[in-house]
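Okay, folks, let me put this one up on the screen. I'll talk through the sheet, then the core, then a pair of helices.

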Amino acid sequence: MASSGSSAAWTARRPERLRIARWVDPYLPGVTASASSVQAWEHATDVLRSLGHEVVDVQNPFPPALEPQFNVVWSSGMAAAPIPDAALDLLRPTTRYWLERGRTYSAAELARAIQFLEATTRDVVTSMAGFDAWLTPTLALPPQPVAWFTESGDPAEDHRRELDFTPYTAVYNMAGVPAASLPLSVVDGLPVGVMLAGRPGEDGPLLSLCAQVEQADPWHDRLPPRR
């Protein structure tokens with residue numbers, strides 16, 4: 001059932017004691033969380049427990065098989081863009097990579113990918129019904145220079161770096177659950193966030209939890225050191 005009421009009203013509500021699942025290992029094999037991401041995740045856990053919530057360690061419930069099927073959907077959307085062949089040379093290499101990749105998939109392959117994402121994430125959400133919220137890092141790596149994502153000159157390598165950087169957030173989009181990133185920690189002068197996600201349609205209760213955490217551990221006035 002979708003939560004009702006304004007966002008402001010929900011942030012003013014204090015949540016009851018919640019049962020929160022947490023995991024730190026990304027769903028993608030070979031991808032690991034950096035020390036700063038783990039540090040921020042542990043700090044958020046401490047804050048949640050100090051507020052009276054139960055935080056339970058679980059295995060990442062999302063299977064690696066989601067990634068290739070998500071790429072079918074992602075690139076097919078790019079291939080649907082009305083870009084004439086004469087304009088391909090105007091595209092950035094990564095954009096052209098996804099466009100050309102999407103053009104290789106058939107309608108049947110796209111339908112199967114969508115069905116797989118929907119069925120798999122539905123099973124995950126069902127399996128996690130005993131929890132009110134989920135806690136993970138927001139990113140697996142600290143902030144990177146913009147050039148780091150394109151300097152290789154190889155779109156496939158650029159994509160691998162994207163996965164190394166952000167292996168957590170896409171699954172929340174796939175599952176259709178509300179999620180929010182809170183930059184509770186500062187590591188080496190840079191903000192490092194954690195992600196809280198809630199049940200489908202329960203944006204309001206998630207906002208209440210985020211507001212409670214921010215009140216207990218304010219971050220809005222933390223500024224990086226001047227250089």
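Here's a quick walk through the fold, starting with the ground rules.

So, this is a predicted model: local features need pLDDT of at least 70, side-chain atom pairs count only at pLDDT 80 or more, and totals for chains, interfaces and linings use all residues. Residues are numbered from 1 along each chain as its sequence is written, and side-chain values use heavy atoms, with hydrogens and water left out.

Sheet first. We've got five strands in an open sheet, ordered E2-E1-E3-E5-E4, with mixed pairing; strands are DSSP runs of E, at least two residues, helices are H or I runs of at least four, and both are numbered from the N terminus. Pairing needs at least two DSSP bridges between two strands. At the edges sit E2 (54-57) and E4, each pairing on one side only. E1 (residues 19-22) runs parallel to E2 over four bridges, and Arg 22 stands opposite Asp 57 in E2.

Now the largest nonpolar core, with 23 residues: that's buried Ala, Val, Leu, Ile, Met, Phe, Trp, Tyr and Cys joined through side-chain atoms within 4.5 Å, where buried is under 20% relative accessible area with a 1.4 Å probe, protein chains only. Ile 20, Leu 48 and Leu 135 are among those touching the most other members. Helix H2 (35-50) is one of the contributing elements, and H2 gives the most, five residues.

Last, H4 (residues 93-102) and H6 (residues 155-165) pack at about 95°, axes 9 Å apart. Axes are lines fitted to C-alpha atoms over the stretch in contact, and angles run from 0 to 180 degrees between N-to-C directions. So H4 is roughly perpendicular to H6, a label covering 65 to 115 degrees.

Conventions:
Buried means under 20% relative accessible area, exposed over 50%, partly exposed in between (1.4 Å probe, protein chains only). Angles under 35 degrees count as roughly parallel, over 145 as roughly antiparallel, 65 to 115 as roughly perpendicular and the rest as oblique.
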